[in-house]
Amino acid sequence: MAVVELIEQDGIARVVLERPPLNVIDLDVARELARTLEEAQRLEGLSALVLEARGKAFCAGVDVRDHLPDRGATMLAEFHRVCRLLLGIEAPVIAAVQGPALGGGMELTLVCDLVVASSRATFGQPEIRLGVFPPLAAAALPHLIPYHLASEMVLTGRVLTAGEALHHGLVNRVAQADAFESAVEGLLAELRALSPASLRLAKHALRLGRWRPEPDEIELAERFYVDQLMRSPDAVEGLTAFLEKRPPAWTRTPKAETPT
């Protein structure tokens, strides 16, 4: 059964994720998202693409089971393929975040051009609590927010409210839950009134500023994650402990190597 839907109407493409209860992305969903975005890329004359989800969460991240070494590298490659496709969409890409965007869910918002959030939304990178880290966010967040806040989010798993995300520039607009859909439609109305061709050119010009991670930066972060973190006993322990619903038993003599 498909969990990703593509809807196109009046120059707006909507890519909708629906995988109850938390819209967690596993390997199959990542591949489905990529195929759907490739289909969306072929649509002509778009004023915008909206990435959205149904349910109480926008996306609670990547399935923990798919982080483990037997699938971790494949999962990471497929998820980053989704992120590169979002970066490559020529029309403006809007993340419509109606609930928690955590882990990979928040990383998806980082590669969108605009973010509209419900007051119920939250944004965080809690991976470190499982002994891992978010490679794309680690590369992107220092470009977007003050370094110390980026460090706190990656190193402690701090979660931001929608208001805090707005204050720090991770979100463009916040609306009360009952006005969220109207806020998204209001932004879309603004974009529909503009030239699709000029929007594409303006977006291309913005890319020259390099505020978002480039594909080679994503690849570098991905390679470091696979070559270094996936060899760490604590990464496997943290993920396994989560799945087994027990506290992790961390090693106290870390031997992880950092790149020179």
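Start by selecting strand 3: 6 of its 6 residues are buried, so the strand is largely enclosed by the rest of the structure. Buried here means under 20% relative accessible area, with exposed over 50% and partly exposed in between (1.4 Å probe, protein chains only). Helices (H or I, at least four residues) and strands (E, at least two) are DSSP runs, numbered from the N terminus. This is a predicted model, in which local features need pLDDT of at least 70 and side-chain atom pairs count only at pLDDT 80 or more, while totals for chains, interfaces and linings use all residues. Residues are numbered from 1 along each chain as its sequence is written, and side-chain values use heavy atoms, leaving out hydrogens and water.

Now show the side chains of strand 3. Ala48, Val50 and Glu52 point one way, Leu49, Leu51 and Ala53 the other, and all are buried.

Strand 2 pairs with strand 3 in the parallel sense over 6 bridges; two strands pair if DSSP finds at least two bridges between them. Look for valine 16, whose bridge partner in strand 3 is glutamate 52. Right-handed means that, with the strands pointing away from the viewer, the path from the first strand over the helix to the second runs clockwise.

Strand 4 also runs parallel to strand 3, joined by 3 bridges, and its valine 93 is the bridge partner of leucine 49. The chain gets from strand 3 to strand 4 through helix 2, again as a right-handed β-α-β crossover.

Select histidine 67 next, in the loop between strand 3 and helix 2 (69-88). Is it buried or exposed? At 16% relative accessibility, histidine 67 counts as buried. Its side chain reaches the backbone oxygen of aspartate 63 at 3.2 Å, and a polar contact is a pair of N or O atoms within 3.5 Å; within protein, one must be able to donate a hydrogen and the other to accept it, and residues adjacent in sequence count only if both atoms are side-chain atoms. Histidine 67 also touches Val62, Gly72, Tyr225, Met230 and Leu239 (heavy atoms within 4.5 Å), not counting residues up to four places away in sequence.

Last stop: helix 7. Colour Phe180, Ala183, Val184, Leu187, Leu188 and Leu191, which are buried. The buried residues of helix 7 pack against several elements, including strand 3 (48-53) and helix 8 (196-207).
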